[in-house]
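Could you walk me through a few packing details of this model? Let's take them one at a time.

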Amino acid sequence: MWSEVAKIRKTMDDRGVVKKPGLSWIAIKRDVHVFLVGDDSHPKSKEINEFLGKLSKRMKEEGFVPDTNFVLHDVEDEQKEQNLSYHSEKLAVAFGIISTPEGTPIKVFKNLRTCVDCHTAIKFISKITNRKIIVRDSNRFHFFEDGHCSCRDYW
């Protein structure tokens, strides 16, 4: 499988095809904050990552299992989980939670379709933090509340 992926990537490189990077954004007090996967350029990156670390631990205690099936990197499972932890929508959601008063709905926009892992994670996050979280991805609006999504896991 990995050799096939490598061939596809080489063909894309040879043809100059560039994969559009996933990015998410959130407006807080009329300022738009944009996040890329693994982004540490935000002024509050340290706080965001600390919050995500604590939240990740709590999510696992509640039964969350990261879905590493679609991580295309030939790395150990622990590294795959680490890679998933910093997807742009998770960064944006975390920033929204730490930057707004308790109970404030979080509204995030994403230029690509949300991955299965992020979708499941945000369901857990909505329940743990007692927040309504709205994510607009390239396909639809997802309204997360109390561990459920309006799409009923069909998107």
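**Helix packing and side-chain contacts**

Helices α2 and α5 are roughly perpendicular to each other (65 to 115 degrees; under 35 is roughly parallel, over 145 roughly antiparallel, the rest oblique). This is a predicted model, in which local features need pLDDT of at least 70 and side-chain atom pairs count only at pLDDT 80 or more, while totals for chains, interfaces and linings use all residues. Residues are numbered from 1 along each chain as its sequence is written, and side-chain values use heavy atoms, leaving out hydrogens and water.

Q: At what angle do α2 and α5 pack, and how far apart are their axes?
A: Two packed helices are described by the angle between their axes and the distance between the axes. Here the axes are lines fitted to C-alpha atoms over the stretch in contact, with angles from 0 to 180 degrees between N-to-C directions. For α2 and α5 the values are about 95° and 10 Å.

Q: Which residues make the contact between α2 and α5?
A: Contact means heavy atoms within 4.5 Å. From α2 come F51, L55, R58 and M59, and from α5 come A121, F124, I125, I128 and T129.

Q: Is S45 buried or exposed?
A: S45 is found in helix α2, residues 45–61; helices here are DSSP runs (H or I, at least four residues) and strands likewise (E, at least two), numbered from the N terminus. Buried means under 20% relative accessible area, exposed over 50% and partly exposed in between, with a 1.4 Å probe and protein chains only. At 8% relative accessibility, S45 is therefore buried.

Q: Which backbone oxygen lies 2.9 Å from a polar atom of the S45 side chain?
A: The S45 side chain also reaches the backbone oxygen of D40, at 3.2 Å. The oxygen at 2.9 Å belongs to H42.

Q: How many residues apart in sequence are the parts that W25 and F109 tie together?
A: The structure holds four aromatic pairs (ring centres within 6.5 Å, using the six-membered ring for Trp, with Phe and Tyr also counted; planes under 30 degrees apart are stacked, over 60 edge-to-face, the rest tilted). One of them is the stacked pair of W25 and F109, at 6.1 Å centre to centre and 15° between the planes. W25 lies in strand β1 and F109 in strand β3, so the pair ties together parts separated by 84 residues.

Q: What is the relative accessible area of F64?
A: F64 and F124 form an edge-to-face pair, 5.4 Å centre to centre with 65° between the planes. F64 is buried, with a relative accessible area of 7%.

Definitions and conventions:
Polar contact = N/O pair within 3.5 Å; in protein donor to acceptor, adjacent residues only side chain to side chain.
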